[in-house]
Amino acid sequence: GGKDRGVMESTTETVVRGPKEGFTENLRTNTALIRRKIKTPRLWLETKKIGNLTKTDVAIMYIDGIVNDKVVEEVHNRLDRIDIDGILESGYIEELIQDETNSPFPTIYYSERPDVIAAELLEGKVAILVDGTPIVLVVPALFISFIQSAEDYYQRADISTLIRLLRFFSIFIALLGPSLYIAITTYHQEMLPTPLLIGLAAQRE
């Protein structure tokens, strides 16, 4: 029992066009929000209790027939191996089931928007919902998931594709731009036009 926070707009993933609803801290409310999006009996929900003291409800959702059965089995195995006193947030689960603990890159995607999670389920992924948090985990995580926006689902296909290509291009510029500038100005000055080179030398002087 107790008080529950109502369904409100997501504060971290806002969109101009699209649903304004976000997950809450109640597990049953969150599963109902997903079922409103995907009205098929093939949407399966399996619940576990994890945490020796907290007995936190953790739900696994996927669409039977689309998801890879080996992925579902691996999710079950990793969750069953968890031996901890308490699970207070989905970050506990993420840390305990991720592939590489020392990697600076995230290996599990998460969101607090029901439409994003529903779209991920339709792509054959598995959602992990934890009671007490509005953050839902999605496995397996793909690189493209981290550079797309919820707004992409509601734009025309050509516009969304162009925006995603621009994001890829921006990433390459951010990674290679500073290094190319340092390499050219420091070690390959012959690649620069003479007036520009003289201007750079004057600035350094």
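This is a predicted model: local features need pLDDT of at least 70, side-chain atom pairs count only at pLDDT 80 or more; totals for chains, interfaces and linings use all residues.
Residues are numbered from 1 along each chain as its sequence is written.

The mean pLDDT (the predictor's confidence in each residue, from 0 to 100) is 86. A value of 70 or more is reached by 99% of residues. Confidence is highest in strand β4 (residues 126–130), at a mean of 93, and lowest in helix α6 (residues 194–204), at 80.

The protein has six helices and five strands. These are DSSP runs, numbered from the N terminus: helices are H or I with at least four residues, and strands are E with at least two. Their order along the sequence is α-β-β-α-α-β-α-β-β-α-α. The C-alpha trace spans about 75 × 40 × 35 Å along its principal axes. The radius of gyration, taken over C-alpha atoms, is 23 Å. A compact globule of 205 residues would have a value near 17 Å, by the rule of 2.2 Å times the number of residues to the power 0.38.

Buried residues make up 36% of the 205 residues. Buried means under 20% relative accessible area, exposed over 50%, and partly exposed in between, with a 1.4 Å probe and protein chains only. The largest nonpolar core has 20 residues. Such a core is a set of buried Ala, Val, Leu, Ile, Met, Phe, Trp, Tyr and Cys residues joined through side-chain atoms within 4.5 Å. Residues with the most contacts inside this core are I34, L43, I117, L121, A127 and L129. Two or more core residues come from each of α1 (27–37), β2, α4 (114–122), β4 and β5. Helix α4 gives the largest share, four residues. Leaving out residues up to four places away in sequence, I117 touches F23, I34, S111, A127, V136 and V138; contact means heavy atoms within 4.5 Å. Another core, of 18 residues, lies apart and includes I60, I87, I97 and L137.

Most residues other than glycine have a negative phi, and most peptide bonds are trans. K55 has a positive phi, near 50 degrees. K55 sits in the loop between β1 (43–50) and β2 (56–63) and is partly exposed, at 48% relative accessible area. V139 and P140 are joined by a cis peptide bond, with omega about -10 degrees. P140 lies in the loop between β5 (136–139) and α5 (157–187).

Key: Side-chain values use heavy atoms; hydrogens and water are left out.
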